Amino acid sequence: QVQQNVERLFTRFVEEGKATVRLREPAVDLCLSKANVINLKTFLSAVRLAHQGNDTGVLPLSPLVPAKNSDVEKPKTKMIITSRRDYPLTKSFPYSLEHLQTSYCKLARIDTRVLCLKKLRKLDLSHNHIKQLPATLGDLVCLQELDLHDNHLEAFSGALCSSGLQKSLQFLDLSQNQIQALPIEFCQLRGLVQLRLDDNALLRLPCRIGQLSHLRFLSAARNKLPFLPSDFRKLCLENLDLFGNPFEQPNPLVPNIQLKIPLTLLECAARATVNHRIPYGCHLLPSHLCKDLEVAKTCRCGSACLSSFIQITVTMNLHHVAHTVVLVDNMGGTEAPILCYFCSLDCYSQFLDRHLQSNG
C-alpha cells in the first residue's frame with residue numbers, strides 16, 4: 001500500500017539512476033539503482049501521486065517488463081588486485097566477497113574495510129609491507145585460507161589464535177617474514193591442514209605443535225631452528241620440509257639438568273594435576289600457573305614435569321612423522337635433533353643404559 005504510506009523520497013542521485021523510497025509500514029527502504037533515468041523519474045512521480053491518494057487509473061505508469069538475466073548483476077564473490085594503481089581508495093569492497101587478493105599494493109596495514117567482509121573464505125595479502133596483524137582479523141569466522149607471505153611481520157598474536165580462526169583456518173602462509181617465535185596459543189589453530197613458515201628467523205617451533213592433529217603439510221625451511229620440540233613426535237604429516245636450518249648435533253651424554261631435589265610443593269602439585277588430569281582453570285588458579293600447566297613437559301616414562309627436569313637432544317628420523325621428507329641438508333640427511341625430557345635421575349639413567357647398549 002502506497003497511499004499515505006510514503007515517509008520520504010530520496011532523489012539526490014536520480015540523474016545517476018538511483019533513488020530510495022522509505023515506507024512507513026512496513027518500515028523499510030526500497031533502494032533503486034541502475035535504472036533508466038526517464039523511467040525512474042516517471043515512477044517517482046507516480047509514487048508521489050499515489051501517496052497523495054490520486055486515482056491509480058490515471059497514474060503515469062509504464063507497463064512492467066521482466067528484467068533480463070543480463071540486467072541483473074550477480075553478487076561479486078572474487079576480486080584480485082595486483083598493483084597499487086588498481087587498489088580502491090574511495091569505493092568499498094563488495095560485502096559478498098569470498099576471495100580477495102591484494103598483492104603488490106605496498107600496504108603497511110590491513111585495510112579496515114577488508115575486516116568487514118564477513119563472508120571471506122580466502123584472503124591473500126602477500127607481497128606487501130604489513131608489520132602487524134589486528135586482533136579483529138579473527139572476526140572473519142569463515143576464513144579458511146590466509147596468505148601473508150613476503151611481508152614485514154615480526155609476530156603472530158596469541159589473540160588471533162584464540163579467535164574464531166581456531167575452527168575455520170585451514171591454510172596459513174607466514175613465509176618470508178621476520179618472525180622469531182610463535183606464541184603458545186598458536187597450537188589452538190587446530191583446523192590447520194597446511195602451514196608454511198619458510199624464510200623467517202624462527203628460533204623454535206611451538207612446544208605443543210603435536211596438538212595440530214589435522215596438519216598434513218608443514219614447511220619451515222631456512223630458519224634458525226637448533227632442534228625440534230618433543231611434541232613434534234605426535235605429528236602425522238604427508239609432507240615435511242625443514243631444509244636449511246642450523247640443527248645442532250644431538251648429544252645425549254651432555255644433559256641440561258634442571259632438577260630440584262627435593263621437589264618443591266609447587267612442582268609436586270603441578271605434576272599431580274597433570275598426571276591425574278585434575279580440572280583446573282583461571283577461576284581456581286593464578287593465570288600464570290595455568291599457562292605453566294598447559295606447557296608441562298612429558299618424561300619418557302609418561303609422567304609430567306614442570307620446572308624440575310633433565311633435558312637432552314636425541315636424533316629422530318623425520319620419516320617417523322612424515323610420508324615425504326625434503327632432505328634436511330645437502331648430505332642427504334632426513335634426521336633432526338629433538339628435545340627429550342626426564343622427570344628424575346632414575347628415568348635418565350635407564351635411558352642412558354639403553355642408549356649405551358644400543359651404540360655398543
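Predicted model: local features only at pLDDT ≥ 70, side-chain atom pairs only at ≥ 80, totals over all residues.
Me: Which residues of H6 are buried?

Reply: Buried means under 20% relative accessible area. In H6 the buried residues are Cys347, Tyr348, Phe351 and Leu352.

Me: Where do these buried residues fall when H6 is seen down its axis?

Reply: The buried residues of H6 fall within an arc of 130° in that view, so they line one face of the helix.

Me: Which strands do the buried residues of H6 pack against?

Reply: They pack against strand S15, residues 310-317, and strand S17, residues 335-342.

Me: Is Leu356 buried, partly exposed or exposed?

Reply: Partly exposed lies between the buried cut-off of 20% and the exposed cut-off of 50%. Leu356, also in helix H6, has 45% relative accessibility and therefore counts as partly exposed.

Me: Which residues make a nonpolar surface patch with Leu356?

Reply: Leu253 and Val254 make the patch together with Leu356, and its area is about 280 Å².

Me: Now a strand residue. Is Thr20 buried or exposed?

Reply: Thr20 is in strand S2, residues 19-23. Its relative accessibility is 17%, so Thr20 counts as buried.

Me: What does Thr20 touch?

Reply: Leaving out residues up to four places away in sequence, Thr20 touches Arg8, Leu9 and Phe10, as well as Asp29, Leu30 and Cys31.

Definitions and conventions
Residues numbered from 1 in each chain as written. Heavy atoms only, no water. Buried < 20%, exposed > 50% of the residue type's maximum accessible area, 1.4 Å probe, protein only. Helix = DSSP H or I, 4+ residues; strand = E, 2+ residues; numbered from the N terminus. Arc of directions from axis to C-beta. Contact = heavy atoms within 4.5 Å. Patch = residues over 30% accessible without salt bridge, like charges linked within 9 Å, V, L, I, M, F, W, Y side chains within 5 Å. Areas by Shrake-Rupley, 256 points an atom, 1.4 Å probe, with all protein chains shown as cover. Salt bridge = Lys/Arg side-chain N within 4 Å of Asp/Glu carboxyl O.
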